[in-house]
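User: I would like to learn how to read this model, feature by feature. Please give the general idea, then the case here.

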Amino acid sequence: MLTTPPSMAIAAGLILMAYLIGSIPFAVVVSKLMGLQDPRSYGSKNPGATNVLRTGNKKAAALTLLGDAAKGWFALWLAGVLVPGITPGIFALVAIAVFLGHLYPVFLGFKGGKGVATALGVLAAISGWLALAVVVTWLLMAVISRYSSLSALVAAFCAPLFYVLGSGMAWYAHTHITLAIVVITALLFYRHAANISRLIKGTESRIGSKKK
């Protein structure tokens with residue numbers, strides 16, 4: 001990575017670019033293209049893959065998941081292409097920016113999704129092994145609990161731990177990137193506050209439940 005940071009203008013441009021990429025609402029776009037109801041009008045009203053799945057259309061949910069994850073990866077990949085050897089600090093800010101774009105998208109009046117898939121895409125850009133470890137954690141929790149939100153929270157909590165612990169085997173842990181993962185994890189928990197409350201009350205919807 002670069003030893004000399006890029007100019008402030010270049011750094012700001014990368015961060016803005018990442019935010020705009022993160023703002024692309026794949027749940028809304030996919031639903032519209034497939035003739036489905038706007039995901040903001042039913043279920044949790046969250047423009048994300050889990051809510052789209054409540055329509056019973058697994059293809060639409062899968063495409064939403066892939067799109068949201070891809071934009072997290074793509075923003076970081078593109079930043080690396082535009083600025084070869086991008087510094088860990090700028091890389092970390094770009095990671096947070098694309099994630100914030102999904103949570104607070106300019107194209108949806110700053111009311112976006114909860115960021116699980118986009119966070120996964122960000123982790124994949126950092127390390128494929130890190131993303132795989134998080135996916136396996138999510139799958140295990142999903143099979144055991146059948147709660148998407150609980151699975152996401154457990155996987156998110158483990159993400160920074162996996163990154164730091166894995167630094168001795170598959171990658172070198174950068175402080176800025178570690179902090180970015182921690183920030184993303186904290187934001188995921190914040191965005192899942194209502195889910196946490198429902199989990200405690202036992203009223204949280206399980207994976208695959210359809211809209212009423």
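User: Which residues does F110 touch, not counting residues up to four places away in sequence?

Analyst: Contact means heavy atoms within 4.5 Å. F110 touches Y19, L103, Y104 and P105, with residues up to four places away in sequence left out. The C-alpha atoms of F110 and S23 are separated by 8.6 Å, and the two residues are 87 apart along the chain. This is a predicted model, where local features need pLDDT of at least 70, side-chain atom pairs count only at pLDDT 80 or more, and totals for chains, interfaces and linings use all residues. Residues are numbered from 1 along each chain as its sequence is written, and side-chain values use heavy atoms, with hydrogens and water left out.

User: Where does F110 lie, and is F110 buried, partly exposed or exposed?

Analyst: Helices (H or I, at least four residues) and strands (E, at least two) are DSSP runs, numbered from the N terminus. F110 lies in the loop between α5 and α6. Buried means under 20% relative accessible area, exposed over 50%, partly exposed in between (1.4 Å probe, protein chains only). F110 has 48% relative accessibility, so F110 counts as partly exposed.

User: What should I look for in backbone phi?

Analyst: Most residues other than glycine have a negative phi. F110 is not a glycine, yet has a positive phi of about 65°. K45 also is not a glycine and has a positive phi of about 65°. K45 sits in the loop between α2 (26-33) and α3 (49-53). A glycine case follows α2: G35 has a positive phi, near 70°.

User: Which residues of α2 are buried, and what do they pack against?

Analyst: The buried residues of α2 are A27, V28, V30 and S31. They pack against α3 and α4.

User: How do I describe two packed helices?

Analyst: Two packed helices are described by the angle between their axes and the distance between the axes. Axes are lines fitted to C-alpha atoms, for helices over the stretch in contact, and angles run from 0 to 180 degrees between N-to-C directions. Take helix α6 (residues 116-126) and helix α9 (residues 175-191): they pack at an angle of about 170°, with axes 11 Å apart. That makes α6 roughly antiparallel to α9. The cut-offs: under 35 degrees is roughly parallel, over 145 roughly antiparallel, 65 to 115 roughly perpendicular, and the rest oblique.

User: Which residues in α6 and α9 meet?

Analyst: From α6 come V116, A119, V122, L123 and I126; from α9 come I177, I181, I184 and L188. By class, the contact of α6 with α9 has nine nonpolar, no polar and no charged residues. Ala, Val, Leu, Ile, Met, Phe, Trp, Tyr, Cys and Pro count as nonpolar, Asp, Glu, Lys and Arg as charged, and the others, Gly among them, as polar.

User: What does T178 touch, not counting residues up to four places away in sequence?

Analyst: T178 lies in helix α9. T178 touches Y163, V164 and A173, with residues up to four places away in sequence not counted. T178 is buried, with a relative accessible area of 17%. T178 and Y163 are 15 residues apart in sequence and 7.2 Å apart in space, C-alpha to C-alpha.

User: Where is Y163, and is Y163 buried or exposed?

Analyst: Y163 is in helix α8 (residues 148-166). Y163 is buried, at 2% relative accessible area.

User: Where is T87, and is T87 buried or exposed?

Analyst: T87 is in the loop between α4 (58-82) and α5 (88-103). With 7% relative accessibility, T87 counts as buried. The C-alpha atoms of T87 and H176 are 9.5 Å apart, though the residues are 89 apart along the chain.

User: Which residues does UniProt list for "transmembrane region"?

Analyst: The unreviewed UniProt entry lists residues 6-30, 74-104, 116-140, 147-165 and 171-190. UniProt positions are given in the numbering used here, feature names are shortened, and annotations may be inferred rather than shown by experiment. Residues 116-140 are 96% helix and 0% strand, with end C-alpha atoms 16 Å apart. Residues 147-165 are 95% helix and 0% strand, with end C-alpha atoms 27 Å apart.

User: How many helices and strands does the protein have?

Analyst: The protein has 10 helices and zero strands. Of its 212 residues, 46% count as buried.
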